[in-house]
Amino acid sequence: MAASIAGVFSDDLKNAVEGSKILVVGAGGIGCEILKNLVLSGFKEIEIIDLDTIDVSNLNRQFLFQKQHVGKAKAVVARESALSFNPDVNIVAHHDSIIKPEYSVNYFKQFKMVLNALDNRAARNHVNRMCLAADIPLIESGTAGYDGQVELIKKGMTKCYECEPKAAQKTFPGCTIRNTPSEPIHCIVWGKHLFNQLFGEYDADNDVSPDTEDPEAAGSAGETALTSKANDQGDVERVTTRQWAQQSGYDSSKIFHKLFHDDIEYLLSMHNLWEKRRKPTPLKMDELPDAVAGSSKDNAAEGLKDQRPWSIVECAQIFSRSLQNLKTKFEELQSKNKDDHLVWDKDDKDAMDFVAACANIRAHIFGIPQKTRFDIKSMAGNIIPAIATTNAIIAGLVVLNAFNILRNQLENCHSVYCRLKPNHRGQLIVPERGLNPPNEKCYVCRDSPQITVCVDVNVLTVKELEERVLKSLLNMVQPDAVKDSTGDVVISSEEGEMEGTYHKTLAEMGILDGTVLSVDDFVQNYSLQVIVNHRKAEHNKPDIEIVGDQSKCHAKEEGEKSNGESALNKEEDEDDLMLLDETPTTPAADRKRKPESVEESPAAKKLRSCNVGDGDIIIL
């Protein structure tokens with residue numbers, strides 16, 4: 001090991017390397033390289049955590065894994081492989097999620113530093129907040145193809161991971177997805193929406209079928225609406241896609257006929273849609289074309305399985321098989337918890353097969369080029385191809401920055417970018433000129449974090465505020481929320497405490513335009529003020545807008561420079577890169593829990609009542 005070779009490190013650095021405890025979060029492409037580098041450098045105390053298991057697709061760049069390891073926990077196998085380099089290292093592996101409450105601020109405080117090698121923003125945001133709360137250095141890293149980046153995050157010294165708005169993931173109008181797709185990605189998004197409608201978390205805004213009860217529908221499309229019978233309240237009762245599928249016993253032929261024949265016939269009746277567009281072609285399950293370009297009965301066995309185009313007949317067969325497998329999984333979950341649901345995962349065979357088959361059938365109907373399962377997996381999972389060389393370069397830079405931290409030379413931990421082509425100075429590895437200071441308006445690391453949420457208070461429910469805003473957009477784990485003006489508890493992390501109010505709208509709870517909510521998350525030791533602004537919901541526009549720093553609420557355009565250099569502004573790949581006078585506490589606030597034995601900081605104090613009463617949108 002490098003630390004044991006005379007002259008490689010100074011005595012001070014050698015002692016620091018051998019005496020420091022390091023946490024590595026993520027055991028993918030970068031995580032494997034980091035772990036290998038740490039072991040070969042002479043670090044003796046390492047913990048590594050990763051929730052994922054090894055997939056065949058990982059083997060071309062995650063070199064601590066081999067074919068016999070497929071299906072096993074990444075963290076566990078990475079530990080075993082790394083010990084083969086140096087069996088004297090104490091490596092503790094956790095096959096677990098870093099977001100779980102047991103990995104508290106006290107857990108983070110035991111480490112000299114944390115090295116991030118994660119593949120999703122929610123976990124990155126969480127680790128960022130935990131390291132800020134524990135006041136320990138975090139080295140953040142990521143890759144996207146040939147591009148890569150390493151940066152130091154240190155409380156009060158540098159910007160944190162959430163200081164700058166992240167580039168918004170591309171979204172598409174609902175009418176385009178449901179009625180007039182024109183690109184493969186439209187069909188893929190439709191397939192993912194269908195998965196959620198049938199088996200996942202239900203979202204009425206992501207319905208996949210045309211609204212056959214829309215009185216404004218053109219031609220015969222409006223006949224159902226005009227003849228629909230209203231209930232006692234005067235409303236037309238509608239059956240969701242999931243309810244209909246369950247009533248039909250998830251019969252694959254019936255679901256196929258509805259989605260790919262009846263719904264298409266309905267769309268054709270909307271004549272105005274097709275005046276300047278190619279009309280879609282309805283399909284019947286027993287009259288499907290037998291081949292597409294590059295795929296037929298004669299060459300069905302040729303080529304790599306995932307990279308061979310499927311015929312429409314094959315798509316229908318895969319649709320039926322995956323539908324039944326997903327139905328079985330879904331019913332098993334529902335038997336244990338009727339509120340549980342499946343979560344779409346690109347590495348789940350049935351889920352991926354289902355979306356790929358649905359996307360290709362729909363693409364065929366609308367005359368859109370079909371894609372292979374491999375291509376659809378890349379597009380559906382927002383995957384940027386991972387390059388092993390880039391991972392190795394970035395992992396090396398991570399450990400070099402770790403040496404600077406051990407030397408107490410944090411000022412030398414400049415952000416570094418790896419580029420595909422040399423810049424004007426001929427550099428492929430491009431360092432920043434200095435540390436990037438914190439954004440004084442950041443809703444995470446500023447002294448008094450504050451953010452504005454623009455919603456329709458007459459529509460958004462308390463449950464949606466918790467799930468969609470606090471947990472999904474602001475990446476909290478177990479939030480509590482209190483109205484500043486009254487001290488009334490609106491959301492509680494205590495199970496069942498506020499269950500009776502979750503269905504109420506914000507307006508029904510007295511949360512109106514200008515209401516200030518004090519929100520904290522005892523797991524993350526994080527608190528902020530949320531100012532609610534009322535904005536009437538508009539059709540085909542986001543119903544929730546998060547604004548942190550009003551002057552910087554728009555994400556940088558792609559290619560925009562940071563200190564003269566190129567920042568990564570891409571979708572996350574599957575591996576490594578990858579969205580604003582104290583008074584006494586109220587009785588409601590006194591019920592809140594706090595991490596045990598954690599020193600209280602201004603950001604961790606109990607919620608207070610005040611006299612006055614950013615959407616996480618992906619880069620590093």
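Analyst: The largest nonpolar core has 56 residues, and Phe108, Val114, Val127 and Leu506 touch the most other members. Here a nonpolar core is a set of buried Ala, Val, Leu, Ile, Met, Phe, Trp, Tyr and Cys residues joined through side-chain atoms within 4.5 Å, and buried means under 20% relative accessible area, with exposed over 50% and partly exposed in between (1.4 Å probe, protein chains only). Helix H5 (residues 121–134) supplies the largest share of this core, 6 residues. Val127 touches Val25, Ile98, Phe108, Val114, Asn116, Leu118 and Leu138, leaving aside residues up to four places away in sequence; contact means heavy atoms within 4.5 Å. There is also a second, separate core of 51 residues, including Ala245, Leu259, Ile361 and Ile368.

Before going on, the ground rules: this is a predicted model, where local features need pLDDT of at least 70 and side-chain atom pairs count only at pLDDT 80 or more, while totals for chains, interfaces and linings use all residues. Residues are numbered from 1 along each chain as its sequence is written, and side-chain values use heavy atoms, with hydrogens and water left out.

Now the sheet. It is open, with 8 strands in the order S3-S2-S1-S4-S5-S6-S7-S8 and mixed pairing. Strands S3 (90–94) and S8 (429–431) are the edges, each pairing on one side only. Helices (H or I, at least four residues) and strands (E, at least two) are DSSP runs numbered from the N terminus, and two strands pair if DSSP finds at least two bridges between them.

S6 pairs antiparallel with strand S5 (residues 138–144) over 7 bridges, and Ala144 stands opposite Asp147. Their hairpin has 2 residues between the strands, and Gly145 takes a positive phi near 65° there. S6 also pairs antiparallel with S7, over 3 bridges, where Gln149 has Tyr417 as its bridge partner.

Over at helix H13 (residues 373–380), the buried residues are Arg373, Ile376, Lys377 and Ala380. They lie on the same side of H13, because they cover an arc of only 105° around the axis (taken from the directions from the helix axis to the C-beta atoms). These residues pack against helix H7 (184–198) and helix H12 (349–365). After H13 comes Asn382, with a positive phi near 55°.

Last, the charges: there are 23 salt bridges, each a side-chain nitrogen of Lys or Arg within 4 Å of a carboxyl oxygen of Asp or Glu. Arg308 and Glu314 form one at 3.1 Å, N to O; Arg308 counts as buried at 13% relative accessibility, and so does Glu314 at 17%. Asp348 and Lys329 meet at 3.4 Å, N to O. Asp348 lies in the loop between helix H11 (312–336) and H12, and Lys329 in H11, so this pair ties together parts 19 residues apart in sequence.
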